[in-house]
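Dear colleague,

Please find below the structure that I am handing over to you, together with its sequence. My notes on it follow directly after.

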Amino acid sequence: MTDTPASKPGQTEVWITGIGLATSLGEGLDANWAALQEKRINVDEKGFAPYIVHPLMPVAFDNQIPKKGDQRQMEAWQRIGTYAAGLALDSAGIKGNKDILSKIDMVVAAGGGERDLNVDSGVLTAEAKGANAPGFLNERLMSDLRPTLFLAQLSNLLAGNIAIVHGVGGTSRTFMGEEVAGADAARIALARIASGESDIALVGGSHNGERKDLLVLYEFGDFNLKDKFAPVWARKDHAGFALGSAGAFLVLESKAHAEARGAKPFAKLSSVVADLAKRKRPGDMAATLEKLWAKLPKRDGKGAIITGATGAEPATSEEHDFLKRHADFPVRSTGTVFGHAMETQFPLGIALAALSISRGALFPPNDSTGTEIEMQGAPTQIVVVGAGHWRGEGMALVEAV
Amino acid sequence: MTAPRDKLGRPVVVVTGMGIMTSLGAGKADNWAKLVAGESGIRTITRFPIDGLKTTMAGTVDFVSVDPFSSTALSERMAELVTQEALEQAGIGAKADFPGPLFLAVAPVEVEWPQRRELGRDVGQLDITYDDLLRISGGGKYSAYHHRFMFGSVAAYLAETFGTKGSPISLSTACASGATSIQLGVEAIRRGETDAALCVATDGTVNPEALVRFSLLSALSTQNEPPQAASRPFSKNRDGFVMAEGAGALVLESYEAATARGARILGVIAGCGELTDSFHRTRSSPDGKPIIGCMNKTLADAGMTPDQIDHINAHGTSTPENDKMEFNTTSAVFGELAQKIPVTSNKSMVGHTISAAGAVEAIFSLLTLEHQRIPPTINYDNPDPTILFDVVGNKARDARVTAVMSNSFGFGGQNASLILTREPA
């Protein structure tokens, strides 16, 4: 009832005409593709020990965010996203094209809230040492917080920064809610273009995984991967996700709009569906994934699955059960290679699906358990799966044009 | 009698249930009575110490309690209460079985100071770093805080409680969030994906750090005494907005579905529009073009002309910049009508409910249509001579109101407008 209808009569085809990636493997499509071929994984086991993170491969932010003043107004998560969004606009060939930029409908999946760790620990330390005046916290915050930090924390200011830096001046909506926010962003953008409400959209997210404040939040639920890296499928007895830094943006466009400007598609985005399993009993989540699977358009081509499975339990085992029922589809886990980039994982999955289709091959497996198998030939249909570590399930079908 | 489709051939979207909560009180009846009486919900903050703060008042919702307290828990509880009120009025679906999706405008979620301090105490040493906090955060002792501080937690709770369908969307477009939640619902119905949508907006974030953040951006009024006089939209001596809490819920349905089940129609969402301003993070483009474009898109979406709008429910934050910009842009769209159409700002009484404002003000606009009475803009004793709106100053005004434009503008270049009418056009 609330899903994006797949290719209904009268609905326009939606193409992916731009992809921007800045990840722990590098920036741009070639660097990421090459690293995937070489089965490279970039993890930092020391900087946040015992926690493991996938750090951003350093990028020259000046290339996409030329004004230092703009860079200073952002925290890392916003810089990564603004950078990746610029790459996506470049990839679609619309960077600087004011006519098109002024009508882009932006749907961004975002977290936020990057803390100033020094301010927080300063307050806690002073209180531990006896500071207990009623206005102590107020005074410290008034004097220690940078006035612009708030803007670097606000969820919708990733979209705001993209608008300012790249001149994207259509509309802007920010969805929150961890992993499934990325699926919902793609779902709504697709629905709007397919129904003719919109011609072109910029969809994606970004995440800075190198944050102790985020590690604290996920540590509350014992979700962080500790001590030793292992592929997502090999973490059952050592569950958890390794936060990853990544920005992933897509330009989605109606076929007619793309053709009119001579743009070539990487692939088409045929359907995005999402749901909220209750996850009260074992099997709830797998049943919801099965339901979403059934809602996707018919898969009669050469298929594969790219999943954002996190490595957290019980979600990953439930998803594994679901995947086993579709064992004829070769599986790839983005979590193993890129870490867990939360809101960004689903757009990243769509990006890699489109890239695989356009390059005529699925990237090789990177797994010691046999869950991921080799694929011969060019995939024509890739299902992107995104099940949240706690709540929310999404699925998309990316197809060759 | 009326066509189930609008001029553009799309399903007409109507409102069949509303619930509201502000610093004035709980529910439509209480809020409306106080609103037309010109009462203020702004008071000196008692929830936490105000020592050392430049702004010491806000429109807090103190009559709803949650334990343990967090802004997110308060937001969730308010959202639940207004949704109950809206569903009761709409009489739609069955208990815990709402026949459509949820679109929730909610403030960004983060771990808050009471919880951070609890961790700090738990560390049990004099020097505390994040590594120390990390060391004691796991093991299950704080697992409830993981759930509490997930961005999607409020929507997940509401979706489970009210049985909404599909994946609930949590969204933020800053001060335009409430309007965006309604817009998402309208679009889903117009696309034919659903016959009904639940649009909820909530904000319970009057806490020390949130107040300090806005204070450091010089966005808040510092006219602390008396607090009731601090929010003075369109006045010469306005000096900032007043933070406030509140929530609003609307049940949207296609006209066809609502009439088929014999529901009472409370109003129509005739048009929605949005346009991004890429000028600056907190300031509007000086030429006002994005706001002008936003209002024009909304009129076009409703298939209406400026002369068909007979009331504007302004964003009217009481900041020096917003109110002036709002008059200039409204003038560009409405011409001299901008000086004749009665304009009011609910924020003069309830303060700025931030993420909830767009929905709260849409509901007040619908109540204005129902009662044919425009609530006043209080504290309007010293009009700004450069803002030539016909402000409904200090006293409510009876008026023939058939179509209201409600505007919301936010940080990050977020502009959204709605047009609400009594009957389908």
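Predicted model: local features only at pLDDT ≥ 70, side-chain atom pairs only at ≥ 80, totals over all residues.

S1(A) and S2(A) make a hairpin, with 2 residues between the two strands.

Turning to chain A as a whole, its secondary structure consists of 15 helices and 13 strands. Its radius of gyration is 21 Å, close to the 21 Å that the globule rule gives for 401 residues, so chain A is as compact as a globular protein of that length. The C-alpha trace of chain A spans about 70 × 50 × 40 Å along its principal axes. Buried residues account for 62% of the 401 residues of chain A. Of the contacts in chain A between residues at least 6 apart in sequence, 81% join residues at least 24 apart.

For chain B, the count is 13 helices and 16 strands. A compact globule of 425 residues would have a radius of gyration near 22 Å, and the 21 Å of chain B agrees with this. The C-alpha trace of chain B spans about 70 × 50 × 40 Å along its principal axes. Of the 425 residues in chain B, 64% are buried. When contacts in chain B between residues at least 6 apart in sequence are considered, 79% of them join residues at least 24 apart.

The two chains touch each other, and 69 residues from chain A and 69 residues from chain B take part in the contact. On the side of chain A, the elements that each supply at least two residues include helix H5 (117–128), helix H9 (178–194), helix H10 (212–219) and strand S9 (267–275). By class, this side of chain A has 30 nonpolar, 23 polar and 16 charged residues.

Strand pairing also crosses between the chains. S5(A) and strand S6 (residues 169–172) of chain B run antiparallel and are joined by 3 bridges. Here Met176(A) stands opposite Ser170(B) of S6(B).

A helix of chain B also deserves a note. Which residues of helix H8 (residues 208–216) of chain B are buried? They are Pro208(B), Ala210(B), Leu211(B), Val212(B), Arg213(B) and Ser215(B). The cover over the buried residues of H8(B) includes H6 and H7 of chain A, along with helix H3 (113–123) of chain B. After H8(B) comes Ser218(B), which has a positive phi, near 55°.

With kind regards

Methods. Residues numbered from 1 in each chain as written. Chains lettered and ligands numbered in written order. Helix = DSSP H or I, 4+ residues; strand = E, 2+ residues; numbered from the N terminus. Rg over C-alpha atoms; globule rule 2.2 N^0.38 Å. Buried ≥ 20, exposed ≤ 12 C-beta atoms within 10 Å, placed from the backbone. Contact = placed C-beta atoms within 7 Å. Nonpolar A, V, L, I, M, F, W, Y, C, P; charged D, E, K, R; others polar. Pairing = 2+ DSSP bridges.
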